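Please walk through this model from its overall packing down to the pairing of individual strands.

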Amino acid sequence: MTDLRDGRELAPGEARSPGPSVQSLLSGDTREVPPPLLEESYEYLGSADIDKERYLSADFHRLEVEKMWKKVWQLACREEDIPAPGDYIVYDIADISLIVVRTRDGEIRAYHNACLHRGTRLCDDNGHAEQLRCPFHGFTWGLDGALAEVPSRWDFPHVEDAKFALPQAKTGVWAGYVFVNPDPDAVSLHTYLGEVEKHFAYFKLEERFKAVHVAKVIDCNWKVALEAFIESYHVISTHPQLLEYLGDSNTQYDVYRGSDGQPGFNRMITPQATTSPHLEPLEPQDVLEAMFRDFYPEGIGAIHVPEGQSARPIVAEALRQRLVERSGADLSGVSDSEIVDAIQYFVFPNMCPWAGLGAPLTYRFRPYGNDPDRCVFEIMLLAPLPAGVPKPKAGPIHWLGPDEDFSAAPELGGLAPVLNQDLSNLPLVQRGLKAMTKPGVTLADYQEVRIRQFHQDLDAYLAK
C-alpha cells in the first residue's frame with residue numbers, strides 16, 4: 001500500500017494515491033512478468049502551464065508541419081495493410097501525401113503523391129496497382145518509382161528518365177508497423193526509436209495482425225485528442241462505471257528520455273481487477289463481476305473467486321482462456337498483467353501502442369488537413385495468431401461519418417461506450433480553450449507527466 005500524504009510535505013511529483021501500487025500487484029502475478037513492466041522511470045518535469053495557443057493557432061500548426069511533421073518518423077500503416085506487391089496505402093498529414101507501396105521484390109517504399117508533370121495527385125485511396133499512373137495525362141511510373149511511360153513522348157525531349165523518378169520518403173518497419181519520414185537526412189528508424197524497441201521485444205506485436213481499424217474526424221486539435229488518451233486522471237469523471245475494477249489513480253506513469261537529440265517515449269500501466277482508490281474496497285467477487293460485465297458477460301455467475309483470494313488472478317485466467325478459445329494462440333506463458341492491465345506506450349509524435357493482450361489497441365492522432373480545430377483519431381485492434389498461421393490481409397478502414405459515434409462500429413465491442421464518453425469531452429475542450437481567459441493549461445505533476453514530456457519533445461523539434 002502507498003500512503004497519501006500532504007503534498008506540501010513532499011518534493012514536487014512525489015505524491016501518490018493510496019491503494020496498491022502497480023508493482024505490488026505485479027509481485028503477485030501467476031506468471032513471469034516481462035522485465036520492462038517491472039521498471040519504474042518517473043521524472044519530475046516541472047509544473048509550468050502549457051500555452052493554449054498551440055492548440056488553436058493556425059501559425060502554430062504551420063510551424064508543426066515545417067519543423068516536426070516534415071522531419072519526424074511517423075506511423076503510416078501495418079505490414080498486413082500492404083502484404084503483396086502492388087498493394088499500397090495513401091498516407092496524408094497536412095499537405096504531405098505519401099504512397100506507401102510494396103514493390104515487386106517485397107520492399108516497402110513511400111513516394112510523394114504528386115505527378116511530376118503538372119502535380120496531379122497520383123493516388124487518392126488505398127488499393128492495388130501494377131503501376132502508378134496519373135489520372136490526368138497518363139504519366140506512369142513503375143512500383144520501383146522509375147518513369148515507365150510518357151504519352152506523346154516526342155514532345156518531352158527535355159525529360160530525363162533518371163531525374164523523373166518519383167521522389168521518395170524514408171521508410172522503416174518496427175514491430176509490424178510501417179513508418180515513414182519525409183526528411184531524406186533523418187536518422188534511421190532504429191536510432192529514432194531507441195530504448196522502446198527493447199521494451200517491445202517482449203510483446204511481439206509483429207506476430208499480431210490488424211483485425212480492426214476505425215477512424216473518425218473529431219472537432220478538436222490533434223494534441224487535445226492525444227492528451228485525452230495518455231492519462232487515467234479523467235476516469236473518475238468521464239468513466240465512473242469503470243471504478244469498480246480499475247485502479248485509475250494507482251496508474252504507474254513512466255517517462256524515458258531520448259538520447260542523441262531524439263525524442264523519448266513514455267507509458268502508463270493502469271491496473272485492472274482491482275478497485276479504484278476513489279471507492280471503498282469491493283469484495284473480490286464483486287470486482288470480478290464488475291469486470292466481467294464489460295469484458296466477459298457470459299462468465300458472470302459461472303466463475304467464482306475462492307475464499308481468501310483476490311479477483312485479479314481469477315479474472316486473468318478466465319480472460320486468458322477466452323482469448324485462447326477465440327484466437328487459438330498459445331498464451332500459457334503470458335502474464336496476468338498483460339491479460340488484464342491497460343499497458344499503453346506513447347511513441348512520439350502521435351502513436352500509442354498497447355503492450356497487453358486484454359486491450360490490444362493502437363491509437364494514432366493526426367491533424368485533419370490544415371485545420372487546427374479538427375483531427376483524425378484512429379483505433380486499431382491487433383489480434384494474436386496461432387504459431388505458424390500467416391497473417392491475413394488487413395481489411396479497409398471503417399471511417400465513421402460526422403453524425404456517427406463509435407456505436408456505429410460494432411467491431412469495437414465493449415470499447416465503443418467508453419470511447420463515446422471520451423468523444424463527448426473533446427469538442428468541449430477545443431471550445432473551452434477558445435473561451436478560457438487564462439493563457440495556459442495546468443497539468444498534474446505525476447498523473448499528467450506524459451503530456452508534459454510530449455510538449456517538451458515537441459518544443460525541441462520546433463526549436464531546431
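Of the 464 residues in the protein, 54% are buried, where buried means under 20% relative accessible area, exposed means over 50% and partly exposed lies in between, with a 1.4 Å probe and protein chains only. The model is predicted, so local features need pLDDT of at least 70 and side-chain atom pairs count only at pLDDT 80 or more, while totals for chains, interfaces and linings use all residues. Residues are numbered from 1 along each chain as its sequence is written, and side-chain values use heavy atoms, with hydrogens and water left out.

The protein contains 11 helices and 20 strands; these are DSSP runs numbered from the N terminus, helices being H or I of at least four residues and strands E of at least two. Its radius of gyration is 24 Å, close to the 23 Å given by the globule rule for 464 residues, so the protein is as compact as a globular protein of that length. That radius is taken over C-alpha atoms, and the rule is 2.2 Å times the number of residues to the power 0.38. Along the principal axes, the C-alpha atoms fill a box of roughly 85 × 55 × 45 Å.

Among contacts with a separation of 6 or more, 66% join residues 24 or more positions apart, a contact being heavy atoms within 4.5 Å. The protein exposes about 20,100 Å², 52% of which comes from carbon and sulfur atoms; the areas come from the Shrake-Rupley method with a 1.4 Å probe.

Next comes the sheet. Strands of a sheet pair through backbone hydrogen bonds, either parallel or antiparallel. Here seven strands form an open sheet with antiparallel pairing, in the order β2-β11-β10-β5-β4-β3-β6; two strands count as paired if DSSP finds at least two bridges between them. The edges are β2 (74-78) and β6 (127-128), each of which pairs on one side only.

Within this sheet, β3 (residues 87-93) and β4 (residues 96-102) are joined in the antiparallel sense over six bridges, and Y88 stands opposite V101 in β4. On to the next pair: β4 and β5 are antiparallel over five bridges, with R102 having I108 in β5 as its bridge partner. These two strands form a hairpin with five residues between them, and G106 in the turn has a positive phi of about 90°.

Which strand does β5 join through two bridges? The partner is β10 (residues 168-174), running antiparallel to β5, and Y111 has Q168 in β10 as its bridge partner. Four of the five residues of β5 (residues 108-112) are buried, so this strand is largely enclosed by the rest of the structure.
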